[in-house]
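Here are my notes from a pass through the model you sent. Have it open while you read.

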Amino acid sequence: MEDQKVEVYNSVSEYNKMANHETMHPLVSIIDFSKSDPICQFRRTFGFYTVFLKDIMCGDMNYGKHSYDYQEGTLVFIAPGQIYGINNDGNYVQPGGYALIFHPDLIKGTNLGKNIKDYNFFSYEVHEALHLSEKEREIVLECFKNIKLELEQSIDKHSKSLIVNNIELFLNYCMRFYDRQFLTRDHVNQGVIGKFENSLDEYLKSDKPKSLGFPMVNYFAEQLNLSANYFGDLIKKELGISAQEYIHNKLIEVAKEQIFFPSKSISEISYDLGFKYPQHFTRLFKSKVGVSPSEFKALN
């Protein structure tokens with residue numbers, strides 16, 4: 001519930017203490033929750049990256065303002081600063097599954113640190129979690145095992161790079177698994193594509209471009225109850241182009257039709273489509289069509 005308290009864990013050691021887990025490295029940890037004491041769940045926010053692998057059902061999880069079933073055999077990714085949690089009536093429960101947690105300081109100056117934003121699933125919502133096959137689950141556990149083995153070694157000059165490389169390998173596997181999920185949920189995805197197309201058509205036929213402005217990816221993601229990153233990745237996988245590019249292409253189609261309305265000037269068309277300045281419309285049109293709107297009208 002929204003009025004439940006939010007527990008804040010800024011360091012890996014703080015979370016380890018809560019989970020009754022030994023801190024073997026100040027910036028990274030692999031946690032086996034079956035070895036933890038029963039805990040009372042609250043909404044939480046972390047100062048580090050967190051990946052949960054849940055092996056048991058443990059109630060509904062809140063993320064933002066919504067509540068979702070948290071299924072077993074699921075990977076959930078939480079970025080620093082995000083609020084997540086499980087509604088609880090004050091009873092203590094025995095957690096299950098595993099977690100990988102790592103602090104942003106661990107990956108500073110590394111290849112992973114430079115590319116961490118490419119792993120869009122840290123900005124997905126809980127209901128967009130990664131549902132694993134049994135084989136994929138084995139791969140995840142093997143990655144966790146390798147990270148844990150490295151944590152058990154004495155820290156030396158190779159420790160950081162080996163730990164970070166293993167985390168990066170794990171995240172790359174997760175990218176592959178998400179690609180698979182987009183493909184295997186094809187019937188669901190097609191429904192999203194259809195709703196997106198209809199919503200965009202309705203938007204452009206209405207007065208919304210004038211009142212709300214240029215159609216943005218975030219707007220349509222919200223209409224479909226998806227995070228912008230998940231929506232963008234889904235569109236790219238299904239259509240082969242970004243959601244923004246799809247919107248641009250649709251705008252140009254509509255603009256081409258309107259250019260031949262005798263009563264409409266190029267400026268009016270640009271404002272009707274949500275552009276603040278006609279020159280922005282002209283620039284986009286020329287980049288897509290190869291000629292300016294005026295030249296297109298003259299040629300046709």
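1. Ground rules. This is a predicted model, in which local features need pLDDT of at least 70 and side-chain atom pairs count only at pLDDT 80 or more, while totals for chains, interfaces and linings use all residues. Residues are numbered from 1 along each chain as its sequence is written, and side-chain values use heavy atoms, with hydrogens and water left out.

2. Five strands line up in the order 2-9-4-7-10, with antiparallel pairing. At the edges sit strand 2 (28-32) and strand 10 (130-131), each pairing on one side only. Helices (H or I, at least four residues) and strands (E, at least two) are DSSP runs, numbered from the N terminus; two strands pair if DSSP finds at least two bridges between them.

3. Inside that sheet. Strand 4 (residues 49-54) and strand 9 (residues 98-102) are antiparallel partners over 5 bridges. Look for Tyr49, which stands opposite Phe102 in strand 9. Helix 4 (residues 134-151) packs on the sheet, touching strands 2, 4, 7 (74-78), 9 and 10, and its direction makes about 125° with that of strand 2. For that angle, axes are lines fitted to C-alpha atoms, for helices over the stretch in contact, and angles run from 0 to 180 degrees between N-to-C directions.

4. A parallel pair. Strand 1 (residues 6-9) and strand 3 (residues 43-46) run parallel over 4 bridges, with Val8 opposite Thr45. Arg43 and Thr45 point one way from strand 3, Arg44 and Phe46 the other way, and all are buried. Buried means under 20% relative accessible area, exposed over 50%, partly exposed in between (1.4 Å probe, protein chains only).

5. The cores. Which residues touch the most other members of the largest nonpolar core? Of its 67 residues, they are Phe102, Phe122, Leu171 and Phe231. Helix 5 (residues 159-184) gives the largest share, 9 residues. A second, separate core of 18 residues includes Tyr9, Phe48, Ile101 and Ala129. A nonpolar core here is a set of buried Ala, Val, Leu, Ile, Met, Phe, Trp, Tyr and Cys residues joined through side-chain atoms within 4.5 Å.

6. Around Leu171. Beyond its neighbours within four places in sequence, Leu171 is in contact (heavy atoms within 4.5 Å) with Phe77, Phe102, Leu112, Ile116, Tyr119, Phe121 and Phe122.

7. Helix 9 (residues 228-239). Its buried residues are Tyr230, Phe231, Gly232, Asp233, Leu234 and Ile235. Leu234 counts as buried because its relative accessibility is 2%. Leu234 and Phe182 are 52 residues apart in sequence, yet 6.6 Å apart in space, C-alpha to C-alpha. Just after helix 9, Gly240 has a positive phi of about 80°.

8. Helix 12 (residues 278-289). At 1.5 Å a residue its 12 residues should span 16 Å, and the end C-alpha atoms are 16 Å apart, so the two agree; the expected span is 1.5 Å times one less than the number of residues. Pro278, Phe281, Leu284 and Phe285 are buried in helix 12. They cover an arc of only 125° around the axis, so they lie on the same side of helix 12; the arc is that of the directions from the helix axis to the C-beta atoms. The face turned away from that buried side carries the exposed Arg283 and Ser287. Cover for the buried residues includes helix 10 (243-258), helix 11 (266-272) and helix 13 (293-299). Gly290 follows helix 12, with a positive phi near 100°.
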